Each structure stands twice: as structure tokens, then as C-alpha cells.
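Student: I have a structure to go through with you. Can we take it piece by piece?
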Amino acid sequence: MALPTAHAAVAVGLTRKRSIRVLLFLAFLSVLPDFDFLAVLLRWQNPQFDLHRSWSHSLFFSATLTLLWYWIRPQIRILKEVSPGLFFSALVSHAILDMLCTSNAADHGVAILWPFLDTRYGWPVLVPLYLKFASSPFSITGALKFTSLELLLAGPLFLFAGMMRASFYHIINRFKTLSTAEREAPELEL
Ligand SMILES: [Zn+2]
């Protein structure tokens, strides 16, 4: 279980922009999927389907919101600062971090492929840290420990997200260079 601090650290690490407005917006996107708690409280959710980490944590949900974003973005000047790719990445980063903090993929995993598959996925690489230092946030000392651990994790998560972003753009640029070279190669032979 990750709290907003960890989610926001990842989302903010996905961009090199340092506009406070953009960073706050990305931090908001990074916690948006957890608003499924509202649906749970208001009983909008199908009781047959496990309540938390379901539809709002799926790629489908992120892609749908991104399409909406893509559509409204040209109408509002401020929104142009966040590209659809960055919007999608910030949303999806939530589900991925949740999967890394999932202690039991069967019971508390992320339905990332909903609505195509209801299977819950989890890859609990961060769980040992939480179990050792902050097993539950549901008490005052537990919440303090949990928050302290997340603040400590925020730095490495921020750097890791930045590395992922840099690697992604390195690969994209490499492909661009290769495809340009391929296009130019026949001309050179001629
Ligand atoms: Zn979540």
C-alpha cells in the first residue's frame, strides 16, 4: 500500500518540467485512481467485484481519461503544458506502484487489465520494506512510521521515475535516428 507521497514522487519524476502548476497537477493525477474509495462509500461499485484497485486502476481507465484529455486540451491553454503522454504516464504510474506494494496478488492486486480481465496482478518487491518498517498505517504510530518510510522512499522513487523517463526517450530517439538513417540510406546508394 502506497500513500500519496510515494505516488506523487513517481509522477513528478516523470517530467523535467518544474512548473509548480504542472507538478501539482501530476501529483493529483497520481492519486486520482484511489478516488475509487468514493465509489465504494457511495455504493456505486458492483459488490461482486472487489472494491478497491479495480476499474480506476486499469489501463483502460487511464487510456479513456487520456483520450478525453486529448480532446479538451486544445480548448484550454493551461492544459497544453501537460502532454497526453505525460498525462497517461502519471495515471498509470499509480497502478504500477500499487502493484509493487501489493502483498497478495490474489486478494489485493491491481485489476490493470479490467474490463478485459478481472485478474489481480501484483509484484510485491516493496512489500518487505513496508512489513519491516511500517506494517500498518491504521494507528497514530503506524501512520507516523508509514509516512516516514514513504518520505524516505520518495527520493529513490523520484530518481527511478526520472531514469525510466530518460531511458524511454533514449530508446525513442534511437529509433528515430535509425529510421531517419534507413530513409536516407537508399539516397546515399543512388
Ligand atoms: Zn491505488
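Tutor: A definition to begin with: a residue is buried if 20 or more other C-beta atoms lie within 10 Å of its own, exposed if 12 or fewer, and partly exposed in between, with C-beta atoms placed from the backbone. Helices (H or I, at least four residues) and strands (E, at least two) are DSSP runs, numbered from the N terminus.

Student: What kind of model is it?
Tutor: This is a predicted model, where local features need pLDDT of at least 70, side-chain atom pairs count only at pLDDT 80 or more, and totals for chains, interfaces and linings use all residues. Residues are numbered from 1 along each chain as its sequence is written.

Student: How many helices and strands does the protein chain have?
Tutor: The protein chain has 8 helices and 0 strands. Of its 190 residues, 28% count as buried.

Student: Which residues have the most contacts inside the largest nonpolar core?
Tutor: Val10, Ala11 and Ala90 do, in a core of 31 residues. A nonpolar core here is a set of buried Ala, Val, Leu, Ile, Met, Phe, Trp, Tyr and Cys residues joined through C-beta atoms within 7 Å.

Student: Which helices supply at least two residues of this core?
Tutor: Helix H1 (4–13), helix H2 (20–31), helix H5 (84–100) and helix H8 (140–189) each do. H5 gives the most, with 8 residues.

Student: What is alanine 90 in contact with, leaving aside its neighbours within four places in sequence?
Tutor: Ala11, Leu14, Leu26, Leu29 and Ser30. Contact means that the C-beta atoms of two residues, placed from the backbone, lie within 7 Å.

Student: Switching to H4. Which of its residues are buried?
Tutor: Phe61, Ser62 and Thr66 are buried in H4. They sit on the same side of H4, because they cover an arc of only 130 degrees around the axis. That arc is taken from the directions from the helix axis to the C-beta atoms.

Student: And which are exposed on the other side?
Tutor: Thr64, Leu67, Leu68 and Trp71. The cover over the buried residues of H4 includes H5.

Student: What should H4 span at 1.5 Å a residue?
Tutor: Its 14 residues (59–72) should span 20 Å, and the end C-alpha atoms are 20 Å apart, so the two agree. The expected span is 1.5 Å times one less than the number of residues.

Student: Last one: where is alanine 39?
Tutor: Alanine 39 is in helix H3 (residues 36–41). It counts as partly exposed because it has 16 C-beta neighbours inside 10 Å. The C-alpha atoms of alanine 39 and histidine 52 are separated by 9.2 Å.
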